Amino acid sequence: MDERRHPLKPNQLPRWSLIAVTAPPTAFLLVFYVWPFATLIANGFNAGSLSDTFGRSATWRVLWFTVWQAAASTTLTLVIGLAPTWAVSRFSFPGRRALLSMLTAVFVLPTVVVGAAFVALLPGSLDRSIWAILGAHVVFNLAVVVRAVGAVWEKLPADLEHAGATLGASPLQVFLRVTLPLLRPSLAAAASIVFLFTFTSFGVIRVLGTANRATLEVEVWRRATQLGDLGGAAVLTVLQLLVLGVLVAWTSLVQRRTTHVLDMDESSSRQFPKGKERWVVGAAVGVTLMLVTAPLLALVERSLRGDDGYSLVAWQSLDNNEIRPGLRLNVDPLGALTNSVVTALLATILAVVIGGAAVISITTLGRTGRWLDTGLMLPLGTSAVTIGFGMLITFDTPPFDWRASWWLVPVGHGLVAVPFVVRTALGVLRSVDLDLRAAAATLGASPVRAWRATTLPFLLRPLATGAGLAAAISLGEFGATSFLSRSGSETLPIAIERLLGRTGRIFQAQAFALSTILAIATIVIVMLVDVGDSRGE
Amino acid sequence: MTPPRPLIGVAVLWLTACGGGGREESQSLTLVAYESFPDRSADPANPVVVALDEFTAQTGISVEILIAGDTGTMISKAALTAGNPEGDVMWGIDNSFLSRAVEAEVFDRYEASGIDDLPTEFTDLVPEGEATPVDFGDVCVNYDIAALESDGIVPPSSLADLQQPEYASRLVVENPATSSPGLAFLMATIAEFGDDGWEGYWATLRDNGVLVVDGWSQAYYEEFSLPGGSRPLVVSYGSSPPFEVLYAAEPLTEAPTGVIESTCFRQVEFAGVLRGTDSPNGARRLVDFLVSERFQREIALNLFVFPVDPDVVLDEAFTDYATFPDEPLRLDPQLIEANRADWIDRWTNVVTR
């Protein structure tokens with residue numbers, strides 16, 4: 001419900017509490033994102049780097065490729081995602097939750113690892129074609145469509161569709177004329193998220209791409225790290241943010257124009273499929289299951305490959321750095337797992353505190369809150385290398401010489417995870433009935449107490465979901481971590497990358513064994529969160 | 001008899017505490033290195049770490065290892081922080097990045113003790129002590145012995161051979177824009193065919209079905225036939241065959257891969273004292289230690305490159321299976337720095353047309 005329709009706000013939170021929830025996320029954003037980013041831009045952005053960058057034909061080639069592959073990936077993901085979304089939002093079937101969890105787990109797995117598994121799966125003629133990139137983008141982002149669109153679809157009142165059918169419309173007509181228009185705002189939202197992720201694609205492009213296929217994100221990384229052209233990197237980062245800014249503006253326009261006021265069914269009306277439906281649902285679920293489990297199974301398979309046939313050597317050497325006398329792996333798998341878990345824990349706490357405060361602030365501030373909302377999204381559209389390098393030249397003078405501080409890694413993960421916490425909780429909090437709070441106030445509750453009694457309970461569940469997502473994202477985070485200088489806090493994705501950088505069958509097998517552990521840890525976290533969610537339904 | 005280590009430590013502390021009125025130097029150093037350098041927390045018993053611990057025991061100076069990313073990222077960071085560095089000593093800038101480091105004044109000039117005993121092929125690259133050579137390696141075309149044999153094909157013996165139809169669609173290389181061995185291989189072809197010949201060579205390779213991938217891992221582990229890909233020729237290292245033997249799942253008696261010696265491009269890596277360090281004296285002692293025999297002998301097995309010290313005795317696997325070309329291809333570091341971006345652009349235009 002829109003707070004503007006309530007000219008009287010008997011239940012508005014007092015000023016001090018508003019400041020208390022607005023200050024932490026704002027300060028966090030300013031110190032760890034805006035300041036380093038602005039320093040880097042100021043360092044590299046000038047007339048020379050502008051004209052150099054836009055005078056280069058490669059810039060336009062990269063921009064064109066980035067845009068069209070993102071548009072194609074988004075369209076494909078939406079089209080392919082509709083069938084499983086329909087199946088999981090309209091029907092109950094055994095394994096439904098497991099399927100949702102798997103989809104989400106794939107979404108947060110490190111791209112470097114799943115990309116490699118993807119190559120192993122594809123027939124040789126396809127593994128370097130554009131289809132490999134588009135396919136990987138679809139598999140990675142299916143969860144976005146299924147979750148974002150499914151959340152609306154399962155609550156669409158079925159009587160509208162029934163009415164259409166009664167009036168003689170075919171199922172396809174009902175879908176095109178009734179269901180699709182109602183889903184449009186959520187489709188636009190899902191599309192903009194998928195576009196954001198594929199537009200800024202880095203890992204998939206690096207693992208599956210060839211020489212002429214670079215996204216802006218890859219080009220920023222290449223300019224900054226391989227060519228030492230900071231100016232070019234800064235210009236391209238700004239260009240990337242501009243394009244994404246246009247996208248965000250367009251989506252919110254579409255959402256506002258196409259939003260229908262509907263009485264949503266609060267209880268979901270999922271049923272077991274009957275008759276012919278069973279085949280269609282089965283096919284949709286089966287294909288989706290294959291898409292997401294195949295790369296995961298490929299990870300396991302590759303961890304078992306020996307010189308001839310299969311071998312357990314990678315798994316046996318997990319806790320043993322010295323595999324033969326004098327021969328060391330130079331990687332501590334269990335230590336890396338511990339580091340990853342500790343980092344994920346810290347990043348999650350940070351993301352929930354900052355994100356939770358931000359959500360309260362954004363909903364209370366109304367229009368002004370949009371600035372904070374947009375600001376917290378910015379790190380998702382900004383190349384990790386520019387933030388990493390920005391931190392390097394910003395936090396370089398005592399008492400703010402924080403370079404190589406161990407806690408920069410969880411802070412970096414926090415920057416990436418906060419938007420997920422905010423997105424998860426914002427929708428729920430916005431729908432909290434303001435009349436409830438007004439009623440509480442009428443009954444004599446102070447604004448804070450009214451808020452605590454009526455709003456807080458609604459906030460806890462989405463925050464728990466957001467926490468799970470944050471933990472999973474931190475576990476798999478690679479980009480930001482790899483650009484921060486570090487000593488003694490190697491995370492699992494970094495250890496995996498390191499193993500894959502060396503010659504020898506054992507390294508490769510162990511990299512995939514670690515990837516399997518990472519995948520399982522991620523799936524377990526996501527499932528725990530989902531189980532918690534379903535208990536509350 | 002040697003006194004126990006704690007005693008040495010105490011003695012050193014006492015000596016330094018009484019060490020006169022000059023500016024006190026910090027007794028701890030940070031060694032900045034690339035990502036394949038052993039990490040103390042990941043492997044405290046790694047011989048490289050143990051050697052550094054011995055340095056600490058001898059000098060009382062502790063050494064913390066700071067991983068800065070791949071070599072390109074590390075040098076970009078160093079250039080960005082020149083004069084106010086993240087650490088005191090840097091390990092692992094290679095000859096293709098050396099000029100950039102020198103131009104950005106990343107290092108203090110310093111001639112390490114013992115540097116005169118090193119082969120001139122290394123010391124000639126840094127005539128004025130711009131940095132200290134510490135290790136070297138070669139980037140070469142590797143081949144899968146069994147795969148070529150089963151196809152009934154003789155391994156190529158030169159870069160020029162790779163243009164022949166029998167090697168069509170059999171070679172995978174890394175993109176020089178994104179990969180260090182990829183760039184080394186491009187430079188090998190520039191050194192071999194000259195400024196007016198290399199583009200034509202690559203046009204032939206392109207028409208002959210060369211596959212370009214982003215990085216070494218993708219080329220070696222996904223496309224090279226040995227681990228399960230389909231291409232029996234790959235750009236890798238001269239040290240890849242011995243590591244295939246050493247790190248096989250089951251002990252091997254023969255290397256499954258071979259190296260085409262005439263395709264090898266020499267990479268030399270350098271260490272240096274970072275300009276702006278708080279501990280210039282300690283940093284210099286650490287650089288001295290890095291070129292000393294004690295440290296150099298741990299390099300081959302743990303850093304996967306070869307020591308610059310010619311007196312170090314290498315593990316048998318290296319003497320048996322590694323390739324040390326007599327006349328590797330090379331390019332002048334200044335020429336590399338001046339042309340790198342242009343070469344990569346030209347290469348991209350030829351290969352992706």
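At roughly what angle do the axes of α10(A) and α16(A) cross? In this predicted model, they cross at roughly 35 degrees and come within 8 Å. Two packed helices are described by the angle between their axes and the distance between the axes.

To see this pairing for yourself, look at the residues involved.

**Where the two chains touch**

Now turn to the contact between the chains, to which chain A gives 53 residues and chain B gives 59 residues. Several elements of chain A each supply at least two residues to the side touching chain B, including α5 (111-121), α10 (216-226), α16 (384-394) and α23 (505-535). The largest share on that side, 5 residues, belongs to α23(A). Sorted by type, the side of chain A that touches chain B has 19 nonpolar, 21 polar and 13 charged residues.

**Chain B as a whole**

Chain B is built with 15 helices and 11 strands. Its C-alpha atoms fill a box of roughly 75 × 45 × 35 Å along the principal axes. A compact globule of 353 residues would have a radius of gyration near 20 Å, and the 22 Å of chain B agrees with that. Of these 353 residues, 55% count as buried.

**A strand to look for in chain B**

How many of the 10 residues of strand β10 (residues 265-274) of chain B are buried? The count is 10 of the 10, so this strand is largely enclosed by the rest of the structure.

| Strand paired with β10(B) | Sense | Bridges |
|---|---|---|
| β3(B), residues 89-94 | antiparallel | 5 bridges |
| β4(B), residues 107-108 | antiparallel | 2 bridges |
| β5(B), residues 132-144 | antiparallel | 7 bridges |

Elsewhere in β10(B), L274(B) is the bridge partner of F107(B).

Note on methods: Residues are numbered from 1 along each chain as its sequence is written. Chains are lettered from A and ligands numbered from 1 in the order in which they are written. This is a predicted model: local features need pLDDT of at least 70, side-chain atom pairs count only at pLDDT 80 or more; totals for chains, interfaces and linings use all residues. Two residues are in contact if their C-beta atoms, placed from the backbone, lie within 7 Å. Helices (H or I, at least four residues) and strands (E, at least two) are DSSP runs, numbered from the N terminus. Ala, Val, Leu, Ile, Met, Phe, Trp, Tyr, Cys and Pro count as nonpolar, Asp, Glu, Lys and Arg as charged, and the others, Gly among them, as polar. Axes are lines fitted to C-alpha atoms, for helices over the stretch in contact, and angles run from 0 to 180 degrees between N-to-C directions. The radius of gyration is taken over C-alpha atoms; the globule rule is 2.2 Å times the number of residues to the power 0.38. A residue is buried if 20 or more other C-beta atoms lie within 10 Å of its own, exposed if 12 or fewer, and partly exposed in between; C-beta atoms are placed from the backbone. Two strands pair if DSSP finds at least two bridges between them.
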